[in-house]
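Welcome, and please load the model in your viewer. We will go from selection to selection, with a short note at each stop.

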Amino acid sequence: MDTFTDVLLVTANVGSLFNNVDDIQNGWLEELYKTIQKYKPQFIALHFQEVGGKDYMVNMDKAENFFCNIESSEEMKEFNRSCIYVDTRFQAEDNFTALGCMYFIHRTLKNVYHYDFNVKDFKAVVGQTKYVGSLDGVATVEKEKFPKDFWPDFKWSRKGFMRTRWIIHNQGLDLVNIHLFHDASNLIAVNSSPSIYSANRKNALRYVINRISDSRYTALPFFLFGDFNFRLDSQALVQHLTIEADVVKDSNFEVEKIIFEEKDNDHQVLLQIEEKLFEYVHQAVFRKDNGRALLKYDKEVMSFHDVTKEEEITFPPSYPYSEDHQQPKQYMNTRCPAWCDRILMSHAAHSFINRRDDDEGKGVVYNTIGPNVCMGDHKPVFLSFSLKTNNH
């Protein structure tokens, strides 16, 4: 007989939260708890990236406080087991990923085990376990930062992945938190299709999928969720947005920029691109119909259809939202909006999501958290579903 377990997976890049805790944190947590109350999961997985933010040396205490807040909140008291892993040890530069994972198990859910990667065996999850620091030697999590030589000519930090392994009602699965490389310069991103950044993300994601599928451990179905930093195909998109415009290149010694002006209409500036500026005059196009018309430029995931699936995206791009808490739906004009934050799964994992929306199971919901509230520059993305498992 099949058993159904209600699961909630969440990915959240919280980098901008810690620069602005007083304005953002309470509203952020409230939106998370509302989502939990609405979908009533029995198993919750929260994957965080950029724990401590850009100024992690200054703000790591605030980050640790943020995790304590969630863990001890009234809203989570029905979850009587938890496993928390937060990589906060920024002093260990070669290993620091700034990734954090929190897993909560509801008191009604029995038969949950997690994997010890050292002894290669599953153990029942009991009580609360919490590891905050370097995570070196923690046997129930596997953490890896991308090797330095992965991308020698580009300055990056805090990128990598973290894996935990579970059995829920006889179904084994891997939950992998991931943070891939960003686009450093809009000018370089728009230069080629695909961009060099896209090519590097592709290599890094292939590396992660190979690592979690290699022969060190038995390969299991997986959910891979985090900040993939997937961007739209900038070159193709810009051509589309500026089809009626003239290009005016302006490279003075200070700032290199590309400006597109309308052919008529007093040569109004339509689009201006600099290294860290992407200012398009009709920003509403990214919100209209949840950005559906732009999904055809979201190409990076296509290279992985052989090994992953994803639910249909019906929410607007998850990044880069304004950090002004009075502008929760507005995008910043620093980057072209994109679906950076994603929940991918292996084909096997996809097959045990219950698709019947009836008494036995809930429907599948893939969406953002806090669409009308300032959540920082990334809106968290969640997947709510019933995991179909066999009792035998």
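Start by selecting Glu-50, which sits in the loop between S2 and H2. Bear in mind as you look that this is a predicted model. Is Glu-50 buried or exposed? Its relative accessibility is 8%, under the 20% cut-off, so Glu-50 counts as buried. Now check the backbone: phi of Glu-50 is near 60°, a positive value in a residue other than glycine. Most residues other than glycine have a negative phi.

For a second residue of this kind, jump to His-267, in the loop between strand S13 (256-262) and strand S14 (269-274). Phi of His-267 is near 55°, again positive in a non-glycine residue. With 42% relative accessibility, His-267 counts as partly exposed.

The largest pocket holds about 600 Å³ of space. Which of its 27 lining residues come closest to the centre? They are Glu-50, Lys-54, His-182, Tyr-319 and Arg-335, so Glu-50 from our first stop turns up here too. Colour the lining by residue type and you will find five nonpolar, 10 polar and 12 charged residues.

Stay with Tyr-319 and step to the following residue. The peptide bond from Tyr-319 to Pro-320 is cis, with omega near -5°. Pro-320 belongs to the loop between strand S16 (308-309) and strand S17 (341-346).

There is another cis bond to select, from Ser-193 to Pro-194, also with omega near -5°. Most peptide bonds are trans. Pro-194 lies in the loop between helix H3 (186-189) and H4.

H4 provides the largest share, four residues. By type, the lining divides into seven nonpolar, seven polar and seven charged residues.

Finally, switch to a cartoon view for the sheet. Seven strands form an open, mixed sheet in the order S7-S3-S4-S2-S1-S19-S18. Strand S7 (128-133) and strand S18 (365-368) are the edges, each pairing on one side only. From one strand to the next, the twist averages 15°.

Zoom in on S3 (residues 79-87) and S7: they run parallel and are joined by six bridges. Val-86 has Val-132 in S7 as its bridge partner. Last, select helix H2 (residues 56-71), which lies across strand S2 (43-49), S3, strand S4 (100-106) and S7, at about 10° to S4.

Definitions and conventions. Residues are numbered from 1 along each chain as its sequence is written. This is a predicted model: local features need pLDDT of at least 70, side-chain atom pairs count only at pLDDT 80 or more; totals for chains, interfaces and linings use all residues. Side-chain values use heavy atoms; hydrogens and water are left out. On a 1 Å grid over the protein atoms alone, a cavity is a set of points where a 1.4 Å probe fits but cannot get out, and a pocket is an open set with protein on both sides within 12 Å along at least five of seven lines; lining residues have an atom within 4 Å of a point. Grid points are joined across faces, edges and corners, and a volume is the space filled by probe spheres set on the points. Ala, Val, Leu, Ile, Met, Phe, Trp, Tyr, Cys and Pro count as nonpolar, Asp, Glu, Lys and Arg as charged, and the others, Gly among them, as polar. Helices (H or I, at least four residues) and strands (E, at least two) are DSSP runs, numbered from the N terminus. Two strands pair if DSSP finds at least two bridges between them. Axes are lines fitted to C-alpha atoms, for helices over the stretch in contact, and angles run from 0 to 180 degrees between N-to-C directions. Contact means heavy atoms within 4.5 Å. Buried means under 20% relative accessible area, exposed over 50%, partly exposed in between (1.4 Å probe, protein chains only).
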